[in-house]
Amino acid sequence: LAAAFGQTPGLALELLPEAPSTNEVATERARAGAAEGLVVVADHQVAGRGRLDRTWETPAGTAATFSVVLRPSVPAASWPWLPLLVGHNVTKALVALGYDARVKWPNDVLLDDDRKVAGILVERVETPDGPAAIIGVGINVSMTADELPVETATSLAVAAPGAPDRTQVLIEAVTAIREGYDVWQAGGDLGTQRLATSYRSHCATLGREVRVDLPGGGELTGRATDIDPDGRLVVETSSGTERVGAGDVVHVRA
Ligand code: BT5
């Protein structure tokens, strides 16, 4: 792993046998001045976090678990695209490894039967060097069916025999994120438009009947028709068009 990182410009590696949450460690490093491109990898994460104070659980040695420090220079209005960019590029990495991966808005990565194989947590943190984005990614690699923490989860090994090893998955994912991020940043507004076009054409949520559980409680149902220029999901409900900036989407089967 260290050798692969050494050859990749713009990336540095901190490998930990165990961490509470790699997002927590990466946040500390960013506050202490870490440069963009630091990747904190934990062999075993013991207090992994999801969104909204939920937990992320992976048995030791079965997952690619990492966080990347980024310091985006894009205008504040483009920041909401970052979580989508990461979901899109983790999906691309799994597709490159031969999996039929899809992204559910905003950034759950799904395999067969809409089961979740990877989760992403992007957090903005203030640091003495300006705002940073902590990009946390957990990919279920070699867990057996018995080791899956929840009914809705899957792993690469459960999806198909002969899963690649964690190091390979990690390198593919980190490289895809870094490349996608560099192209997006270099492209300015056009970069965001290109990302939006690519994301739309790969997002499994568009065209589906959905139920969205909203963060403050409450839900809405309807057909997901678009992603707007700010990265929000557009849902046509029986009472009109709604735009959702955050929430949990359930793809409703016909
Ligand atoms: C997420 O939250 O999907 C974001 C998960 C981010 C995890 C990475 S690992 C590296 C970095 N460090 C951290 O501490 N976090 C990041 P959310 O959409 O809120 O989904 C959380 C829900 O997914 C939980 O409530 C469970 O239902 C389910 N879940 C927990 N562990 C899972 C797993 N390993 N695979 C699939 N689903 C899981």
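1. Leu-52 is placed in the loop between E3 and strand E4 (55–56), where helices (H or I, at least four residues) and strands (E, at least two) are DSSP runs, numbered from the N terminus. Phi of Leu-52 is near 50°, a positive value in a residue other than glycine. Most residues other than glycine have a negative phi, and most peptide bonds are trans. This is a predicted model, in which local features need pLDDT of at least 70 and side-chain atom pairs count only at pLDDT 80 or more, while totals for chains, interfaces and linings use all residues. Residues are numbered from 1 along each chain as its sequence is written.

2. The peptide bond that joins Trp-105 and Pro-106 is cis, with omega about -5°.

3. The ligand is surrounded by 26 residues, of which the closest are Ser-21, Gly-50, Gly-119, Gly-136 and Gly-138; a residue counts as near a molecule or strand if its C-beta atom, placed from the backbone, lies within 6 Å of it. Elements giving two or more residues to this shell are helix H2 (22–31), strand E3 (48–49), strand E5 (63–70), strand E8 (115–127) and strand E9 (130–140). By class, the shell holds eight nonpolar, 13 polar and five charged residues, with Ala, Val, Leu, Ile, Met, Phe, Trp, Tyr, Cys and Pro counted as nonpolar, Asp, Glu, Lys and Arg as charged, and the others, Gly among them, as polar.

4. Seven strands form an open sheet of mixed pairing in the order E1-E2-E5-E9-E8-E7-E6, where two strands pair if DSSP finds at least two bridges between them. Its edge strands, each pairing on one side only, are strand E1 (12–19) and strand E6 (102–104), and the twist averages 20° from one strand to the next. Within this sheet, E5 and E9 pair in the antiparallel sense over eight bridges, and Phe-66 has Val-137 in E9 as its bridge partner.

5. Helix H5 lies across strand E2 (38–45), E5 and E9, and runs at about 25° to E5. The axes of helix H3 (residues 81–96) and helix H5 (residues 166–186) come within 8 Å and cross at roughly 135°; axes are lines fitted to C-alpha atoms, for helices over the stretch in contact, and angles run from 0 to 180 degrees between N-to-C directions. That makes H3 oblique to H5, since angles under 35 degrees count as roughly parallel, over 145 as roughly antiparallel, 65 to 115 as roughly perpendicular and the rest as oblique. Residues of H3 including Leu-85, His-88 and Ala-96 meet residues of H5 including Glu-172, Ile-177 and Trp-184, two residues being in contact if their C-beta atoms, placed from the backbone, lie within 7 Å. The residues of this contact divide into 10 nonpolar, three polar and two charged.

6. The axes of H3 and helix H6 (residues 188–202) come within 10 Å and cross at roughly 55°, which makes H3 oblique to H6 as well. Trp-81, Leu-84, Leu-85, His-88 and Thr-91 in H3 meet Thr-192, Leu-195, Ser-198, Tyr-199 and His-202 in H6, and this contact has five nonpolar, five polar and no charged residues.

7. Another open sheet, of five strands with antiparallel pairing, has the order E13-E12-E11-E10-E14. Strand E13 (240–244) and strand E14 (248–252) stand at its edges with a single partner strand each, so one side of each is left without a neighbour in the sheet.
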